[in-house]
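Have a look at the sequence and the structure first, then work through the notes below.

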Amino acid sequence: MSTRGRAPDPQEGTSEAALDPIGLWSAFKRAHEVVRTRVIADAAEAAGLSEPDLTILADLNKAGGALRQSELAASLGWDRTRVSHQLTRMSKRELVTRRRANGVIVALTDAGHQAITAVYPGLDAAVRRHFTDKLSTQEVETLAAVLDRL
């Protein structure tokens, strides 16, 4: 039985998508795009930040304000060129700085810290509204474990 257009009933057992790898991948891609678009519309755009800005600011903030550029790229799953170009744009807007010290260290500026601090409550609320509140605690824990494995 298809669950398209309605929330799946946990009592129904395994969905068709779970049995079909391409169907599961398509469902994952759709869910990602829908949630991402809604969260960014609610949080980042209102703060005047792009999605890449928000992603980098959030990662740097989570790391205490600074990371090696290679570590930042790895944590985001982005290639080094993409990170470098984005950091150049953000540096021009004085959201981050880069300095050479045993690699390149990327750090939040005061403006970058203020930007992520200002947007964080809205981001948290948007993620909850469009993502985690739609899942049970067990589903969140399972999803976190699966994503960590990937």
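In helix H5 of this predicted model, the buried residues are Gln69, Leu72, Ala73 and Leu76, where buried means under 20% relative accessible area, exposed over 50% and partly exposed in between (1.4 Å probe, protein chains only). Looking down the axis of H5, you'd see those buried residues fall within an arc of 100 degrees, so they line one face of the helix; the arc is that of the directions from the helix axis to the C-beta atoms. Their cover includes H4, strand E1 (66-68), H6, E2 and E3.

**Ground rules**
- Residues are numbered from 1 along each chain as its sequence is written, and side-chain values use heavy atoms, leaving out hydrogens and water.
- Because the model is predicted, local features need pLDDT of at least 70 and side-chain atom pairs count only at pLDDT 80 or more, while totals for chains, interfaces and linings use all residues.
- Helices (H or I, at least four residues) and strands (E, at least two) are DSSP runs, numbered from the N terminus.

**The whole chain**
- The chain has eight helices and three strands.
- Reading from the N terminus, the order of the elements is α-α-α-α-β-α-α-β-β-α-α.
- Of the 150 residues in the chain, 25% are buried.
- Take the contacts (heavy atoms within 4.5 Å) with a separation of 6 or more: 50% of them join residues 24 or more positions apart.

**Helix H2**
- H2 covers residues 21-42, which is 22 residues, and spans 32 Å from its first C-alpha to its last, close to the 32 Å expected at 1.5 Å a residue. The expected span is 1.5 Å times one less than the number of residues.
- Which residues of H2 are buried? They include Val35, Val39 and Ile40.
- Seen down the axis of H2, its buried residues stay within an arc of 120 degrees, so they line one face of the helix.
- On the face turned away from that buried side, you'll find the exposed residues Ile22 and Arg30.
- The cover over the buried residues of H2 includes helices H3 (44-47), H4 (51-62) and H7 (110-130).

- Buried in H4 are Asp53, Leu54, Ile56, Leu57, Asp59 and Leu60.
- Two packed helices are described by the angle between their axes and the distance between the axes. Here, axes are lines fitted to C-alpha atoms, for helices over the stretch in contact, and angles run from 0 to 180 degrees between N-to-C directions.
- H4 and H5 (residues 69-76) pack at about 115 degrees, with their axes 11 Å apart. The contact is made by Thr55, Ile56, Asp59 and Leu60 of H4 and Leu72, Ser75 and Leu76 of H5.
- H4 and H5 are therefore roughly perpendicular; under 35 degrees counts as roughly parallel, over 145 as roughly antiparallel, 65 to 115 as roughly perpendicular and the rest as oblique.
- With H6 (residues 80-92), the axis of H4 comes within 11 Å and crosses at roughly 90 degrees. On the H4 side, Pro52, Asp53, Ile56 and Leu57 make the contact, and on the H6 side Gln86, Leu87 and Met90.
- H4 and H7 pack at about 100 degrees, with axes 10 Å apart, which makes H4 roughly perpendicular to H7.
- Leu54, Leu57, Ala58 and Asn61 of H4 meet Gly112, His113, Ala115, Ile116, Val119 and Leu123 of H7.
- Gly64 follows H4 and has a positive phi, near 95 degrees.

**Residues to look up**
- Most residues other than glycine have a negative phi.
- Glu94, in the loop between H6 and strand E2 (96-100), has a positive phi near 60 degrees. Glu94 is exposed, with a relative accessible area of 55%.
- Asn102 sits in the loop between E2 and strand E3 (104-108) and has a positive phi of about 55 degrees, though not a glycine. At 72% relative accessibility, Asn102 counts as exposed.
- Glu45 is in helix H3 and is exposed, at 56% relative accessible area.
- How far apart are Glu45 and Val119? They are 74 residues apart in sequence and 9.8 Å apart in space, C-alpha to C-alpha.
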